[in-house]
Amino acid sequence: MLTLADVSKSYGTRELFSGVSLFIARNDRLGLVGPNGAGKSTLFNLILGEERPDTGEITWERGADFGYLPQESAPASDETILHIATGGKKLEPTEDDWDIDYTLEPRARKILAGLGFKEGDAGKPARTFSGGWVMRAHLARLLVAEPALLLLDEPTNHLDLEALLWFQDYLTRYPGGLVVISHDRAFLNALCTGILELRARALHYYHGNYDAYLAEKEHRRAALLAQYKNQQREIAHLQSFVDRFGAKASLASRAKSREKQIERLKEDAIDEPEDDLSRIHFKFPQPPRSGLKVIELARVRQAYGNHVVYRDLNFTAERGQRIVLVGPNGAGKSTLLKILGGVIPIDAGTREPGANVTTGYFAQNRLDNLQAGATVLDNVMELRTAENQLTEQQARAILGAFLFRKDDVFKKVSVLSGGEKSRLALARLLVKPPNLLLMDEPTTHLDIPSIDALVAALKTYEGTLLFISHDVYFIRALAQTVLHVHGGLLTPYAGNYDYYLEKSRATNERAALTAGFNDARPPQTTQSGSGIPPHSVPAQSKSGPPPHSIPGEARNLTSGKLPPPLSSGETAAPHSVPGETATRIPKSPKLTPNQLARLRAEVARLEKDVIDLETRQAELAAALEAPETYTDHGKALALNRELTALVDLLQVTTEAWEESATRLTKAMA
């Protein structure tokens, strides 16, 4: 479908790549990776014909078409979201022309729904949406058109996790080819059959997904390093002979022969393989030590207008904790970080930082941390204080570690790419390192080597870290505690992300990041205090899945306390939910025959409930794995909601059955 033959491209004295040759077939799913600045977007521009190569040829198969999604779109105008998604094609017949595609609008609406647009959004002007949502509309346009080859430049940057998972699943069934620039490892692993890496001015091809690429890359580097060392060893051996015997007349001819052999070896010798080091490499200067209690929230209430996010919220973080916040989109994770960072005022309650606590907030919207009209250097120099006495030379050294070199430091922030804004926001943290670090999606726009560098730096960071991320690799590398945010409640899991997956019985490691789709927020009130609360959802029917319950091992931080321990001879009532008041049932030293019969019946009933719930869980999991489920976005969402509620109920029911079975065993002993 597409052939590149011996392509090269330079800008002035800077050579991006040379000798690039590539063949792309119709069924190829290729990921294009490499550090920022390697030339990935430039290679796309050459393929698109927007730029011409210095040498070489790029040819398309006759009749092949392509669709391209850039990192940023042009400003939106008065066209509607549906107009963008349908490529501006007419949707209604006219007197002069009745030839229209009646499937176009339904397909466009279904894809828009999958990408997160609500019913009614399709007819609204695009200019009323943010740039990220306009990008989603352009992505829908490409999927509706179904070109033979999709060229996507960072398509996941503007998607929340739910839309990303839908999009990822859609691409697995896409009938054409795909070349995607992405820094999302899980996305590349799920889709790619090959990886293209731009490195050291050359394009390298690897079979398989991203994990296979990493393994093969290390294998190739080890082989090249062994070859390089053998060549250098042979050259050193020959040179030793020349140095020892070159001046002796009897051996001069042999020494001369060795010199010629050395010259031939040097001509054919390979360069030493580059270490696969991150393009940025830094360490956080260790912050001053804080007190044991770093931050405490007590009885906090937070609302946006009539929409109550938190009511009577209690939370405490202690020194050295590394906590990741997970939960549904809109549950209040970013709001919680802003409350902890003092970025927004709270409506009620108290926020008490601990002794000697300094806070750093890394915003999801990088411009919240930066001065858009100022230069890169000015954004760092504004942090100069009487204590740090920051000099311009020191500021430029910090910026150099984040790839801002020479005249790059005089760029205005407003013209920086997303990756450059992220790197600048990180650089600012090094000037005055906080001992409470709050990070909202820190890996967005960072390339994979930069993410690795950030992980390495945070592993040695000695302060307290709370963060939000959709990058499972990043979470697994850093999180020691998982805090599930849902319905105004904070539920901690005292272990890493794998522990959370096990305890929550999640069926998908990425979907688990937004688990808990049903609405269990604090009761909403209208301005008049009556009527249907805003943002409310209909109550579930009695035959449907039960409301979301908190997993049995977790602590309910709304009250800020663990449920009181059971005293000797007491047990929790069946179906009780941790965090709620448990009914105390005295344990009789000896049960009567009637009590024993009732206990046997209770054990049998609970056992049947567990079996029925496990059967339904298997049915739901099978339905969610079926591709046809995702042809109806509403069906997939409903199944996810039911599965989330069912998992919680199954855990509570299983615990109740185990407790009753234990009592029966003791009673019969």
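**Ground rules.** I number residues from 1 along each chain as its sequence is written. The model is predicted, so local features need pLDDT of at least 70 and side-chain atom pairs count only at pLDDT 80 or more, while totals for chains, interfaces and linings use all residues, and side-chain values use heavy atoms, with hydrogens and water left out.

**Entry 1, a sheet.** I looked up an open sheet of three strands, in the order β11-β10-β13 with antiparallel pairing. Strands here are DSSP runs of E with at least two residues, helices are runs of H or I with at least four, and both are numbered from the N terminus. Two strands pair if DSSP finds at least two bridges between them. The edge strands, each pairing on one side only, are β11 (307-318) and β13 (348-353). On average, neighbouring strands of this sheet are turned by 15° against each other, direction ignored. For such angles, axes are lines fitted to C-alpha atoms (for helices over the stretch in contact), and angles run from 0 to 180 degrees between N-to-C directions.

How many bridges join β10 to β11? I found eight, with β10 covering residues 293-304. Valine 300 has leucine 313 in β11 as its bridge partner. Helix α9 (residues 333-341) packs on the sheet and touches β10, β11 and β13; contact means heavy atoms within 4.5 Å. The direction of α9 makes about 125° with that of β10.

Next I checked α3 (residues 104-114) against α5 (residues 161-172): they pack at about 130°, with axes 9 Å apart. That makes α3 oblique to α5 (under 35 degrees is roughly parallel, over 145 roughly antiparallel, 65 to 115 roughly perpendicular, the rest oblique). Lys110, Ile111 and Gly114 of α3 meet Ala163, Trp166 and Tyr170 of α5.

I found alanine 661 in helix α17 (residues 633-668). Its relative accessibility is 22%, so alanine 661 counts as partly exposed. Alanine 604 is 57 residues away from alanine 661 in sequence and 9.1 Å away in space, C-alpha to C-alpha.

Methods
Buried means under 20% relative accessible area, exposed over 50%, partly exposed in between (1.4 Å probe, protein chains only).
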